[in-house]
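Please look over the sequence and the structure shown here. The paragraphs that follow go through the model part by part.

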Amino acid sequence: MIREASERRLPAEWEPQSGVQLTWPHAGTDWSSRLDAVEPVFAAIGAMIARHESLLVVCQDTDHRVHVLSLLAQAGADLDRVQLGIAKADDTWARDHGPLTIVEHGQPVLLDFSFNGWGGKFPAEHDNLLTRNLAAQGRFGAVPVEAIDLVLEGGSIESDGAGTIMTTSQCLLTPTRNPELSRDGIEERLLQHLGAQRLLWVDHGHLEGDDTDGHIDTLARFCDGETIAHVECNDSGDPQCDGLQRMAEQLAQFRQPSGEPYTLIPLPLPAPILDEGRRLPATHANFLVINEAVLVPVYDDPADEVALERLGAAFPGRSVVGIDCRELIRQGGSLHCLTMQFPVGVLPH
């Protein structure tokens with residue numbers, strides 16, 4: 001399905017940003033037993049973001065805000081670039097409960113899709129209200145918020161900024177998200193709301209320990225309009241290997257709007273990381289692009305250096321920074337899952 005060009009579009013992540021959102025963990029989340037271990041990771045991510053742009057941190061209440069500000073200060077964050085909002089949250093995955101920003105007639109608009117805890121797996125009542133609560137506090141200035149009655153998580157889509165969206169059929173077609181819509185119906189809605197001309201469906205690939213039903217940001221990412229980085233597996237004994245190899249084969253068949261194939265950058269899969277026998281979804285594809293930098297999750301694995309080198313070549317002119325995310329994947333996600341970027345014009349200076 002190909003639509004005509006629209007007045008709206010979903011910017012690529014590498015376009016200039018006004019800031020990034022983090023929703024900070026608290027005792028009411030699944031992090032409660034490991035807050036002392038995970039909060040330094042949040043602080044490291046937040047401090048690195050604040051070197052380059054504004055950081056919007058969602059806190060639970062005024063006491064939590066004081067606590068978070070102290071941790072960011074200890075991590076060396078530029079506090080002049082830190083904004084702290086207050087809104088109840090069930091969990092911390094801002095990529096999925098945060099708004100998606102489209103640009104329409106040259107101005108940003110926040111799209112507030114429905115969030116139902118990845119198909120009803122986890123509580124999501126507060127998360128689903130988080131964007132409108134932040135907007136009511138003026139955290140997004142005068143940028144309009146458009147509520148959309150469609151379940152969609154930010155981690156499930158990738159945009160090249162020029163009309164192409166990439167996603168996975170495993171996630172978007174899960175019947176616990178939008179059971180009333182067919183594949184064609186979901187595609188039509190996505191192209192309409194995001195102003196895209198075409199959708200690339202990835203039909204293979206999944207990481208064990210991933211609760212999202214195969215979000216694209218754990219598997220394959222645009223690096224520019226001609227390049228896709230993706231998780232690679234060459235160990236035939238790994239149960240994930242067959243699906244990931246099929247994914248790579250499908251990516252090789254995708255074509256740019258020009259008709260040319262994409263340049264593919266394989267990111268080696270880290271060795272299995274287990275938590276009480278459960279495999280955790282360690283992936284270098286869950287990187288975050290910010291102004292002048294790329295933040296890459298690392299896992300104390302030899303594959304880390306390979307991923308950093310390859311992503312550095314894919315993003316010339318940006319510093320590539322590895323952040324230890326072994327603690328994050330205990331809850332099923334990594335660095336990109338925790339964050340949501342905002343293009344220029346969204347966060348007030």
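Where does Gln256 lie? Gln256 is found in the loop between H8 and S13. These labels come from DSSP runs numbered from the N terminus, where a helix is a run of H or I with at least four residues and a strand a run of E with at least two. The model is a predicted one, in which local features need pLDDT of at least 70 and side-chain atom pairs count only at pLDDT 80 or more, while totals for chains, interfaces and linings use all residues. Residues are numbered from 1 along each chain as its sequence is written, and side-chain values use heavy atoms, with hydrogens and water left out.

Gln256 has a relative accessibility of 11% and counts as buried. Buried stands for under 20% relative accessible area, exposed for over 50%, and partly exposed for what lies in between, with a 1.4 Å probe and protein chains only. Not counting residues up to four places away in sequence, Gln256 touches Arg198, Gly225, Glu226, Pro261 and Tyr262. Contact here means heavy atoms within 4.5 Å.

Helix H8 spans residues 241-253, which makes 13 residues. From its first C-alpha to its last, H8 reaches 19 Å, close to the 18 Å expected at 1.5 Å a residue; the expected span is 1.5 Å times one less than the number of residues. Cys241, Leu244, Met247, Gln250 and Leu251 are the buried residues of H8. The cover over these buried residues includes S9, S10, strand S11 (220-224), strand S12 (227-232) and strand S13 (263-268).

S9 and S10 also belong to an open sheet of three strands, with the order S8-S9-S10 and mixed pairing. Two strands pair if DSSP finds at least two bridges between them. At the edges stand strand S8 (157-159) and strand S10 (198-202), each with a single partner strand, so one side of each has no neighbour in the sheet. From one strand to the next the twist averages 25 degrees. Strand S9 (residues 164-168) and S10 run parallel and are joined by five bridges. Thr164 is placed opposite Arg198 in S10. Helix H7 (residues 183-194) lies across S8, S9 and S10 and runs at about 130 degrees to S10. For such angles, axes are lines fitted to C-alpha atoms, for helices over the stretch in contact, and the values run from 0 to 180 degrees between N-to-C directions.

Strand S2 (residues 17-23) pairs with strand S3 (residues 54-59) in the parallel sense over five bridges. Opposite Gln21 is Leu56 in S3, and opposite Leu22 is Val57 in S3. S3 is mostly covered, with six of its six residues buried. Ser54, Leu56 and Val58 point one way from S3, while Leu55, Val57 and Cys59 point the other way.

Asp91 is in the loop between S4 and helix H3 (94-97). Its relative accessibility is 9%, and Asp91 counts as buried. Leaving aside neighbours within four places in sequence, Asp91 is in contact with Thr23, Thr29, Asp30, Trp31, His97 and Asp127. Trp31 is also part of one aromatic cluster, formed by Trp24, Trp31, Phe42 and Trp93.

How many aromatic pairs are there? Rings of Phe, Tyr and Trp (its six-membered ring) pair if their centres lie within 6.5 Å, and planes under 30 degrees apart count as stacked, over 60 as edge-to-face and the rest as tilted. By this rule there are eight aromatic pairs. In the pair of Phe287 and Phe315, the ring centres are 5.8 Å apart and the planes stand at 70 degrees, so this pair is edge-to-face. Phe287 lies in the loop between strand S15 (278-279) and strand S16 (288-290), and Phe315 in the loop between helix H9 (303-314) and strand S18 (319-324), so the pair ties together parts that are 28 residues apart in sequence. Phe287 is buried at a relative accessible area of 0%, and Phe315 is buried at 3% relative accessibility.

The charged end of Arg221 sits over the ring of Phe287, 4.3 Å from its centre. This requires NZ of Lys or CZ of Arg within 6 Å of the ring centre and within 35 degrees of the ring normal. The charged end of Arg183 sits over the ring of Trp201, 4.4 Å from its centre.
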